[in-house]
Amino acid sequence: MLVFAAVVLFIGAVFNVVTWPRFFQRVAKDTRARDAAGKPTTFYTVHLVLLLIALAIAVAAVVAGILLLV
């Protein structure tokens, strides 16, 4: 059962690492990401925070998965 839990954590981590950066690339290219002066908007900032949280969760999932296997 511990191996299954570790595999689920690794799959979740890979999903976050693969999906979120690609999504953020699309957000950064969106016209709503910058205002007329070229400064980042709230739209951009919110998605950046979501990206960072998703990557932190991915790191935590990998650590937890490794700890389950040790």
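This passage describes the fold, overall dimensions and surface of a predicted model.

The secondary structure of the protein chain amounts to two helices, with zero strands. Its radius of gyration is 16 Å, well over the 11 Å that the globule rule gives for 70 residues, so the chain is more spread out than a compact globule. Along the principal axes, the C-alpha atoms fill a box of roughly 55 × 15 × 10 Å. Of the contacts with a separation of 6 or more, 62% involve residues 24 or more positions apart.

An unreviewed UniProt entry places a transmembrane region at residues 43-69. In the model this span is 100% helix and 0% strand, and its end C-alpha atoms lie 39 Å apart.

A nonpolar surface patch of about 370 Å² is formed by Val3, Val7, Ile11 and Leu69. Helix H1, which covers residues 2-29, contributes the largest share of this patch, with three residues. Val3 has its place in helix H1. Because its relative accessible area is 54%, Val3 counts as exposed.

As for charged pairs, the structure holds one salt bridge. Here the side chains of Asp30 and Arg32 meet, with an N to O distance of 2.8 Å. Asp30 is partly exposed, since its relative accessible area is 22%, and buried residues are those under 20%.

Methods: Residues are numbered from 1 along each chain as its sequence is written. This is a predicted model: local features need pLDDT of at least 70, side-chain atom pairs count only at pLDDT 80 or more; totals for chains, interfaces and linings use all residues. Side-chain values use heavy atoms; hydrogens and water are left out. UniProt positions are given in the numbering used here, feature names are shortened, and annotations may be inferred rather than shown by experiment. Helices (H or I, at least four residues) and strands (E, at least two) are DSSP runs, numbered from the N terminus. A salt bridge is a side-chain nitrogen of Lys or Arg within 4 Å of a carboxyl oxygen of Asp or Glu. Buried means under 20% relative accessible area, exposed over 50%, partly exposed in between (1.4 Å probe, protein chains only). Patches are made of residues with over 30% relative accessible area and no salt bridge: like charges are joined within 9 Å, nonpolar side chains (Val, Leu, Ile, Met, Phe, Trp, Tyr) within 5 Å. Accessible areas come from the Shrake-Rupley method with a 1.4 Å probe; for residues, only the protein chains shown count as cover. The radius of gyration is taken over C-alpha atoms; the globule rule is 2.2 Å times the number of residues to the power 0.38. Contact means heavy atoms within 4.5 Å.
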